[in-house]
Amino acid sequence: MRPWLPIVALTALLLGGCASVVQNDVVAFHEWPADLQDKSYVFDHRPKQPNNLEYQRYQGLVAGELHRLGFTPAANLQAANLKVAFDYTIDARDVTVVQPVYGDPYWPYWYGIPYYGRRWRGHYSPFHDPFWPPGPVITGYQESQYQVYQRHLVVTISRGRDGKKLYEVSVDSSGGNGSLAFAMPYMVRAAFRDFPGKSGVPHRVNLKIDE
């Protein structure tokens, strides 16, 4: 076995593990009243926002997190103390990666030759053998292209009577999956993970992908 193959395998394993989580970069700004008792709210549907099944699905996700935090939906704006609004986008960008291609100039040398290297801490080490062949060398470069999707979510909570913003959180998540429906449950969860949290402090929330 070539001595660098375990390193390549380990790298592939680590890269594979990264695909099992959704990374969310979160920052919230707020002036949340510590003594706020009335958490009744309505959704504030802004002009030009879609009013389709996809939007309603995401609204249900936000409502679920608000329910977990003790908010209660109101029948109308007059009966609500708070207004909740959210918006989302997704954009694709092309990424080009240039990677070196490694080759072994002494391929036959690795097989059928006994090892005469010095011992190092009880193990044989090729690093002390002047006749040990060199490691892999770069024989060329390979270019690959793929798309990265940038997903963005903003949720605001305002006072109903005067529209003063009390909480605004933005979530950015990027990845190779172009389905916003796939990423949105994790982004909404990340938006309210540490509600209200520290104002103006960016942090990353990694959430495991559900089976």
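**View A. Strands E1 and E8 pair in the antiparallel sense.** In this predicted model, strand E1, which covers residues 21-30, and strand E8, which covers residues 165-175, are joined by six bridges. One place to look for this pairing is Val27, which stands opposite Ser170 in E8. Strands of a sheet pair through backbone hydrogen bonds, and they may do so in either a parallel or an antiparallel arrangement.

**View B. Seven strands form an open sheet.** Read across the sheet, the strands follow the order E3-E2-E4-E7-E8-E1-E9, and their pairing is mixed. Strand E3 (72-73) and strand E9 (203-208) stand at the edges with a single partner strand each, so one side of each is left without a neighbour in the sheet. Helix H2 packs on this sheet, where it touches strand E2 (40-43), strand E4 (82-103) and strand E7 (137-159), and the direction of H2 makes about 105° with that of E4. Helix H3 also packs on the sheet, touching E1, E4, E7, E8 and E9, and its direction makes about 55° with that of E7.

**View C. Strand E4 pairs with E2 and with E7.** E2 and E4 run parallel and are joined by three bridges, and within this pairing the bridge partner of Val42 is Lys83 in E4. E4 and E7, in turn, pair in the antiparallel sense over 22 bridges, and here Val98 stands opposite Glu143 in E7.

**View D. The axes of helices H2 and H3 come within 9 Å.** Helix H2 (residues 53-68) and helix H3 (residues 180-191) have axes that cross at roughly 20°. Because angles under 35 degrees count as roughly parallel, H2 is roughly parallel to H3. H2 passes H3 in a right-handed crossing. From H2, the contact is made by Glu54, Tyr58, Leu61, Val62 and Glu65, while H3 contributes Leu180, Ala181, Met184, Pro185, Val188 and Arg189. Sorted by class, the contact of H2 with H3 has eight nonpolar residues and three charged ones, with no polar residues.

**View E. The aromatic rings of Tyr55 and Phe86 are stacked.**

Definitions and conventions
Residues are numbered from 1 along each chain as its sequence is written. This is a predicted model: local features need pLDDT of at least 70, side-chain atom pairs count only at pLDDT 80 or more; totals for chains, interfaces and linings use all residues. Side-chain values use heavy atoms; hydrogens and water are left out. Axes are lines fitted to C-alpha atoms, for helices over the stretch in contact, and angles run from 0 to 180 degrees between N-to-C directions. Helices (H or I, at least four residues) and strands (E, at least two) are DSSP runs, numbered from the N terminus. Angles under 35 degrees count as roughly parallel, over 145 as roughly antiparallel, 65 to 115 as roughly perpendicular and the rest as oblique. A crossing is left-handed if the near helix is turned anticlockwise from the far one by less than a right angle, and right-handed if clockwise. Contact means heavy atoms within 4.5 Å. Ala, Val, Leu, Ile, Met, Phe, Trp, Tyr, Cys and Pro count as nonpolar, Asp, Glu, Lys and Arg as charged, and the others, Gly among them, as polar. Two strands pair if DSSP finds at least two bridges between them. Rings of Phe, Tyr and Trp (its six-membered ring) pair if their centres lie within 6.5 Å; planes under 30 degrees apart count as stacked, over 60 as edge-to-face and the rest as tilted.
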